[in-house]
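Please look over the sequence and the model shown here.

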Amino acid sequence: MLGGYEFYWYWLASTPRFGAKRILALAGQELDFAELFERAARGRSLEVFGLSPNMAKSLKDRANRELLEQELEELERAGIGICTMISPGYPKLLKEIAAPPAMLYYRGNLDVLGEQALAVVGSREASRKGAANIRQISRELAEAGVCIVSGMARGIDSAAHRGALEAEGGRTIAVLGSGVDVVYPRENEDIYEQICQRGAVISEYKPGMTPLPGNFPVRNRIMSGMVPGVLVGDGRAKSGAQITVRLAAEEGRDIFALPTEAMNPLYELPNLLIADGAYVCLGSNDILNFYGWEASKAPKGQISAPVGLDFLEGELYNLLLKGEMEIEQIADSLGKRPQELSLALMKLELKGLVVRLAGNRYAIAQG
């Protein structure tokens, strides 16, 4: 069950219409979310923090520790995990997009993502050859240690997942347009079960949410946002795959396209993308060589930040888990000025979590 600061983040993120933008705006006011929760639980005014009366009421209605703990227990019994933006397992690249999800629900193991990952998108009406090619490329990439991310739809998505699952030790993640407990389409139930065992099924939608048409374009930003590149198979010029490509391009992701049958509107998207400057992908080596990826072992589990840290302290601690850094590097990574970090770093030192080294460098305390 979530504890410490993540518990309060869950309270905020699970409140209707309270997304990452609003939560980060509150964090920017240097609010202690634990104190905010107690204030809401006691029915005190929240409008002073820039919240509308309706939003303040929504937060007060859910500021019930017993209710929230019951929700978390029910999720745990259902085998559903929660990953907030401040959780160690939250995809690093996903934090950088314009509208990151404040929280992800998941089944399986999010740690399989690692740094070597690629999204694969395309049509539900893919040609047999197009689907077979995507399946082979995905299998070869997975054999090389690349995590395949897709949406578990018919056609190209299914081919990508199946290819990854065919690889020994292959890893794959499915991003759903429904709750993580809703298998869609039903014909992919076998893939769903295997992905939960060999990777993860994730969604920003609450469990039980049905796969509404409007959910899919919204979830596409997660697929493209959590990876450095996107491979496009058969698809129409105007399609869900095209939306994913547009979002990926806006976020600076690399676009790869597998050439397909010419003069066929069902499959023309990759060819159009190549004409517009996308990288041509004729096989898995094109992607492996582009990134300099080689066969690698599965990523190690991530270390969790201690409970009881405020938002900035948690961000600093998780950043320093990567290794010692100068304060200027830390500031650049977090988009802040060095003087804005001094107090939080001092608090981490006093808590025995961080040490200050020569040359104004900081590192995680050992032992």
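Asn360 sits in the loop between strand 11 and strand 12. Helices (H or I, at least four residues) and strands (E, at least two) are DSSP runs, numbered from the N terminus. This is a predicted model, in which local features need pLDDT of at least 70 and side-chain atom pairs count only at pLDDT 80 or more, while totals for chains, interfaces and linings use all residues. Residues are numbered from 1 along each chain as its sequence is written, and side-chain values use heavy atoms, with hydrogens and water left out.

Although Asn360 is not a glycine, its phi is positive, at about 55°. Asn360 counts as partly exposed because its relative accessibility is 27%; buried means under 20% relative accessible area, exposed over 50%, and partly exposed in between (1.4 Å probe, protein chains only). The hairpin of strand 11 and strand 12 has three residues between the strands, and Gly359 there takes a positive phi near 80°. The two strands pair in the antiparallel sense over four bridges, where pairing requires that DSSP finds at least two bridges between two strands. Leu357 stands opposite Arg361 in strand 12.

Strand 10 and strand 12 (residues 361-364) run antiparallel and are joined by two bridges; Met325 has Tyr362 in strand 12 as its bridge partner. Contact means heavy atoms within 4.5 Å. Axes are lines fitted to C-alpha atoms, for helices over the stretch in contact, and angles run from 0 to 180 degrees between N-to-C directions.

Helix 14 (residues 327-334) and helix 15 (residues 338-350) make an angle of about 105°, and their axes are 9 Å apart. That makes helix 14 roughly perpendicular to helix 15; angles under 35 degrees count as roughly parallel, over 145 as roughly antiparallel, 65 to 115 as roughly perpendicular and the rest as oblique. On the helix 14 side, Ile327, Ile330, Ala331 and Leu334 meet Pro338, Leu341, Ser342 and Leu345 of helix 15. The residues of this contact divide into seven nonpolar, one polar and no charged (Ala, Val, Leu, Ile, Met, Phe, Trp, Tyr, Cys and Pro count as nonpolar, Asp, Glu, Lys and Arg as charged, and the others, Gly among them, as polar).

Another open sheet has nine strands in the order 1-2-6-5-4-3-7-8-9, with mixed pairing. Its edges are strand 1 (81-84) and strand 9 (279-280), each with a single partner strand, so one side of each is left without a neighbour in the sheet. Strand 3 (residues 117-121) pairs with strand 7 (residues 229-232) in the parallel sense over three bridges, and the bridge partner of Ala119 in strand 7 is Val230. Helix 10 (residues 240-250) lies across strand 3, strand 7 and strand 8 (254-257), running at about 145° to strand 8.

Val230 also touches Ser224, as do Thr244, Leu247, Ala248 and Arg253, not counting residues up to four places away in sequence. Ser224 lies in helix 9 (residues 215-225) and is buried, with a relative accessible area of 1%.

The peptide bond from Tyr184 to Pro185 is cis, with omega near -5°, and Pro185 is in the loop between strand 5 (172-175) and helix 8 (189-198). Met263, found in the loop between strand 8 and helix 11 (269-275), has a positive phi of about 65° although it is not a glycine. Met263 is exposed, at 86% relative accessible area.
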